[in-house]
Structure formats: structure tokens, C-alpha cells
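Q: Could you take me through a few local features of a model, one at a time? I'd like the general idea, then the case at hand.

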Amino acid sequence: MATSTMRRLCLLKVSRKLARCSTAVQERCALHTSCMVSKAEDSSSSSVSGTSITSSAVPDNLIKGSMQPKTFTKAQKISRAMQAYMERAQSYDKMIKKEIDEYDIGKRHLANIMGQDPDLFEQEDVDRAIEYLLPSGIFAKKARPVLKHPYEVFPKRKAAQFALDGRPFHSMFYTGKPNFYSLLLNVSMKIEELKKQEDKLIRKGLLHEEAEKKLLLLGSEWITLPSLKDLTLEPLSEHDHKHFTVLLGRLTEHPLAFKEEEFIMKHRRKLMLQSFAEDVPKPMVDDQGRAYITASGKRKTSIADVTVWTKGTGKITINGQSIQYFSYITHREQILSPLQLTGRLGEVDVEATVEGGGGTGQSGAIRLALAKALASFVDTDTRERMRIAGLLTRDVRRKERKKPGQKKARKQFTWKKR
Amino acid sequence: MDAPMKAQHLGRSIYRLGSLLTRNNSVGTAGERTTCLRLTAKKLHNPIGSSRKPLLLPCRQLSNLAEQFQAASDARRQPVNVHTVFRTEEDDPIQQSSAQEGLFYTVPEGEVKRLFQKGLSVQFTRQVKTFNETCFMVRKPALEVIDCLKHLDLNHPAPRFLLYGNNGSGKTLTMAHIIHYCYRNKWLILHAPWPSDWNCRYHETSPSPHKAGRIDLPVEAAEWLVNFRSQNADFVRDIKLSQRYVWTKRETAEEGSPLNEIVEFGLNRMKFASDCVGAILKEVRNQAAMHKIKVLVAVDGVNAFWNMTTIKNPERELLTADQLSLVHNYKKMLLSNWTHGAIVCSVDAFANARDHREKHYPHYLLGKEGYKWLDPFVPVHVPDYSEKEAYSCIEYYLDRNWIQHEAAQTEEGKKELIFLSNRNPFQLMRICSSK
């Protein structure tokens, strides 16, 4: 929205300078962008033969008849470049407008097909309708059919940066990253402002009153480099991002930073709070008064079901055998890890049935199932530690497929010259 | 083992426990503290031989002699942690009882040289070389068999004991312990360390000069003779032959000459070594009762006697083990038709071919024929380590500086080792070393 107004403004300036149009035309231009641009084209084409703006007032027939050679001044050349630039911008606008129209029509069609009110048909409804009407089994979600607003589909572009006379609008245009540096300037101005305010308060001796108000930054972090790029629409480097965070950090450290909370929070991203899942199943109790629980786990192509009993002697049974079911020590260590982390080694009895896959998969599946089961017996802190250790997370890695023309997934055949 | 290899071993052990330390740092530190205390207690009050340096008594200011005595008696009364005692001074198997169960005793080097030139596993021999001492753990199955041997009525037919158990549970070392007892108790020992080697790892074969259709293994027979001579140095001189043996027209062993003569002849003329083994076994069997000699027949992996060999006859058919003259003669010793002796055998899955190793029970491993041959026998189960034995073993390794990581001193570390090995002696040995 902001960009389009900006563009309109700039075009207004262009038309003012070149064509000196009447105020009525200007108003019309402001309302209809495309019309305005065409006007600007007209005026520029009319001024081709004239050297100055005043010459446009001379009738055309007089100029045609004159014997002056056709040479272009520097300013004229620049304005020709401007014209091309403007044409490009215009065609983009046209395209977007067309796309938006098509999107609106498509949305209405979809609403009609689905038997819903077209005016109340939202993007969510569109997605649902597409999924229903064009069901796709394609694995990659990006490759499935979609209908989205053109603003989401086509990459955003910066509005015109400079006027037809070749002068940039932005004072920082020649830094290469005007939006970014103006943001930094803005921040440093704010810091200076806060310093002034602080001095004032110190002079009045009122600073201690503000001491209690603090800026709470917990649960959020600075926006990432890609988001910053989106915000400024400029190519930024890691170094720029660091510069940005350091400067904003300086602002937040100021005792009066809470006054700029709105500005600061605009450049921070809220962190999602981990749900401290309280939905762990409760253990059951058997005839002998021992609590027990069953859980299942997967890894690669193996599936394991594990039952854990409390008040045990540390007996491990895997498919009717002892821990020696696994001949590799690394696989035994997999089963050891959840027991050791929870400190239940030698205290619980474990019975596991596992099928499919090989040693690595089976031991991994048992580890996950065992950890899930043990989570029911431990307190929240330990459960959180288990989660952080990755014991409660399914390992989603799979075997990579073999490629044709290669020996394995990555390995290639021996290269032979001929 | 050379120095770099040992360093590698140690490195591996450290690595294993390193993972443990990083995993629960907080637990590790707490455990360490308690261990330090316990070790101090052990050093102070361990009455049984430990190679650790003695620690000074706590330096408390004691005013008079009475107080000093009081302090000393208090210190003595504190209970000794059972887990930290792992070694016993009682190195005579005759004197050992269930009080020493789970503890290690040292076998003197001379006896090891004499008795166990063969008959200990490669891994154990390597460990012995590294530790610079041979230690056996006093375990229940060995004590049971030794107790039976102590109370044996020698005038009855020779009883048969059959050791069986999981792979790596200590059958061979139990047998070694029994052999050591018998040696100390002046028994004559007929030890076949691993007859499975006769079936498939033979050096050369030759047809038997004594009986057509039988195969001799000259090198294996000579090895057995050497082992027999070193194990029974006293007996070979004393026992006299009861009959005349004619090897060839010119070479004979006269009646009344010592047994030594046959051994020497067998070693010089390897062609007749297998027949010499048969002659010795026959002489021992016949004379045991007559001369009041106590005879122990020890066979490790006895199920090899009823297996197929990899030797082919001229018709290109595989031979069975009893077509070997060595096996044929030895099988006669397993029959209970002689007195003044005992037979201790073990069945081992590894003596079987690869596709017949599913179970470790005698009935499965011996097969119908073998079971019939040995029946009736006393089955002796050799179980994996008990908790006490496992802790004792880890303490022994720690004492030998075999496990150097400090986490192994903690309760957590020991529990981890026990869990990973499932208390199986061989597994524990492997986990604590690099192999």
C-alpha cells in the first residue's frame, strides 16, 4: 500500500515538472495511475524537440519546420532512460492488476462451485476448496495446486527510486541500501533523543522514578536476516544484520528504552512457547500393585512396543531375549540412555517387542518407546531434560533412495575413460 | 601385548566411559564424592591383599593410649563394603570354600606354565599377559564340582560332570579351576583342551598304521603328548607299562618300562603319535584302580566328538569325528566302565558348526548319539556373573588399572558396564578392553 502511494507521489512530481499540467489533470492522475503515466509519456514525447520546458508551449508545426539537427542533451538522454524505466514499472503494475482481477474472479467461481457466498469466501476457504476439488498425491507440498493472492505469489518490487530528471528521491539513495541505512539512522536518532531525555531527568533528579519501568524482551528475539531483507526490500549481508542487532541492542539497553517499546517490538519476533505437554498418559497398576505403562516408538522401518514396570530388578527383555539380543555395544547404549538419564537403571523392568528393520532401527525404536514410557514416571523437570536431550522426539531420517545411474544413494560407479 | 596396543586398549575404555560422564554430569560428580569416601574406607579396612598403598590413619590428636585403642577398634568394627573386596589370599583350591565365592585368586606362574600351555582362551591369555598375573575367580559351579570330587568314592565307576552355559559364561575357566584343584590334589590329568580343533583345524592327516579306515592327526597327537607330559611330570616316570606294545618289527615298548618312554617315542616318531595317545589312555584306564591313581578326564567342548570333520576320505565323503583315532580313543575314556577317576566335560556351542549353535543345552549340543554315550551325567550350569561377581570383576579391572576413566569408580559407571555386558563375563571383558 505504502509503495503504491509513493509511486503515485513520484509520478505526480514527474508530471508537474515536465508537462506542467493543469491541477485538474493532476487530480485525475492521482486517481488513475495508468492514465497519469500515459499523460506523462505524451508530455515527454512532445518535449523531445524542445530544449527546455518552456519550449513545449511552441506549436508543433513550427518545430517540425526548423532546420535544427536532432541531437540529445544529457538531460534528455536520462529522461529517455526514465521513460523505459517507467514503462517497465507500468507493465508490472498492469500485470499485477490483471492477476488480481483474475484471482477475484477465480475465487468467486470457486465459491459458486462450493455453494458458498462469494463475498464471504476467504483464503482459507479457497485452500480447502482446492484441496477438495483437485486432490493431489504429490509428496512435495509446494508442487500441489494452489490459488493464492498475486501479492503472495509474485515477488515484491521496489517502487521507482528516482524521478525522470535522474535525481533520486531518497537522500540515502547512493548508499545502495537507502531503507536499511535510514532505519539505522532512525535508531541512532532515537538513542540520541533518549539520551537528551535522560539528561533532563537527571537534571531534575527524577530518573529514579523511571527506574522501575523496564522493557521486557523475554520471549522474543531480533528479526532474522531474511525478515530484515523483506522489510527493507534490499540485499543485505550477515554483517549488516549484525550491525542492525548491535545498534538496536544499544537502544534497548538504555534506561528509558521502554519509551520506544513500540518501535523496538516492531523489529522483534515472538518466540513460540514450548508446550509443556501435560498429556503424558497415566500409568496403570497391575494385580501385584506395580505401576506399568506401554508405549510405542518408531525409527527407520522398525516399530517397537515397550512395557515398563516399576519396582523391578532391572530386567530387560527384548523379543524374549536379554540385552544380548543386540550384539553391538552401540545398540545396547541406545537402550541404556533413557534409563540413565532418568536414573531408573536397575529399578524398572522393561519388556520390548520389536519388529522390522535392522539393529540400529530396532534399538532406536526401543529407545523412543522406552523414553516415552519412562516420561510417565518422572517429574516435569526430568521430562523437560529428556525432551531437550532429544529422547522424546521421533528421528524422522529415512534411508535415502538409490538413484538410477549411481551405485547407491550417493556413491557413483567407478569412472572409466572408455 | 606391547605398549602402544595397551595404550589403545585403555583409550577405548576411557572413551566408553567418557560418553557416560558427558551424559550426566551432575550425577557423576555426586557419585564421585561418595566413591572417594568408600575407597578411603576400603584402603583403611581391607584385610585382604590389595595392591593399593596403605593409607595413613586419620590424623586426630589422641591424648592417651586408651583413646588410640578405642579409635582403632572403632575403625575395625566398621563394615567392609562387600563390593570393594575382590581378591582372596587363599590360592589353594583345596582350601577354598563358598566364603571365597566371587573373589579372585592368583595361580602361581610355574603352575600356569605347567598346566595351561593350552586350554585357556586367546583373549584370556592376552589379558593374563597384560596383567602380569593369572587370576581365576572362585565361582559356584567350580566349587560344586570340587566339592563332589572331594567326597568322591573312587571305587565307584567314574562319575561324569557336564558343564553347560551361555557363550562366554566361563565354562573353560571353571574347568581350569577344577584342573588346578586336581593338580594340587595330585590327580593325573588327561586334558583335551579343545577337540573341535581336531575336526577342522588339523595340520596334516595320515591313515592309521594300527587300523585301516581310521585317520591319524600326528601333529595334534604330539601336541597332546607334550601337554600330557608337562601336566603329569611325576606320573609319567612312575607308571610302568602293563603290556608290550609293538609299533614296528624293530620298535617296541617293553612291559615294565615307564610311561615316559611311550611319550618320547610318540614325539620322535610322529607317525605313531596317535597310537601312543591310545596306548597311554589305555594304560591309565587299566592301572588307575590298581595303583590308586586318581584320574581326571577333562574335555572342553565335548560335543565335537559327535560332529562331522572337514577331512575327506578317498571317496570324497566327509568323515565323522569318531573315525579319527584320537577321538576314538578319547571317547573310550568317557565311558563309565573304569574306576578311580572322574570325568569333567563341557558342551560349547562354538564347538559345533555355525548352523548348529542356537541353544546351549546339552541335549541339543550333544545330539542323540552323544547324549546316549554320556548318559547318565551330572549337569552343572555355569551361569553369568551374579551382581557380587560382576562388581568384583570390575574392581579387579580397576585395580589392574585396566579401566582408567574416573567415571568407572562411580556407582553409575559400574552400573553402566554391568548393564551393557548383561553380566556376561566375556562381554564384560570385551567392553572393558578395546576388543
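Q: Which residues are exposed on the other side of helix 10 of chain A?
A: P226(A) and D230(A) are exposed there, where exposed means over 50% relative accessible area, buried under 20% and partly exposed in between (1.4 Å probe, protein chains only). Helices here are DSSP runs of H or I with at least four residues, strands are E runs of at least two, and both are numbered from the N terminus. One caution before we go on: this is a predicted model, where local features need pLDDT of at least 70 and side-chain atom pairs count only at pLDDT 80 or more, while totals for chains, interfaces and linings use all residues. Residues are numbered from 1 along each chain as its sequence is written, chains are lettered from A and ligands numbered from 1 in the order in which they are written, and side-chain values use heavy atoms, leaving out hydrogens and water.

Q: Which residues of helix 10 of chain A are buried?
A: An α-helix has 3.6 residues a turn, so residues three or four places apart point the same way. In helix 10 (residues 225–232) of chain A, the buried ones are L225(A), L228(A) and T232(A). Seen down the helix axis, these buried residues fall within an arc of 60 degrees, so they line one face of helix 10 of chain A; the arc is taken over directions from the axis to the C-beta atoms. They pack against helix 8 (178–204) and helix 11 (238–253) of chain A, with contact meaning heavy atoms within 4.5 Å.

Q: Where does a positive phi turn up, and where a cis peptide bond?
A: Most residues other than glycine have a negative phi, and most peptide bonds are trans. Just after helix 10 of chain A, L233(A) has a positive phi of about 60 degrees. H340(B), not a glycine either, also has a positive phi of about 60 degrees; it sits in the loop between helix 13 (325–333) and strand 12 (341–346) of chain B, and counts as buried at 6% relative accessibility. For R423(B), phi is near 65 degrees, and this residue is partly exposed, with a relative accessible area of 30%. As for the cis bond, it joins D375(B) and P376(B), with omega about 0 degrees. P376(B) belongs to the loop between helix 14 (362–374) and strand 13 (378–381) of chain B.
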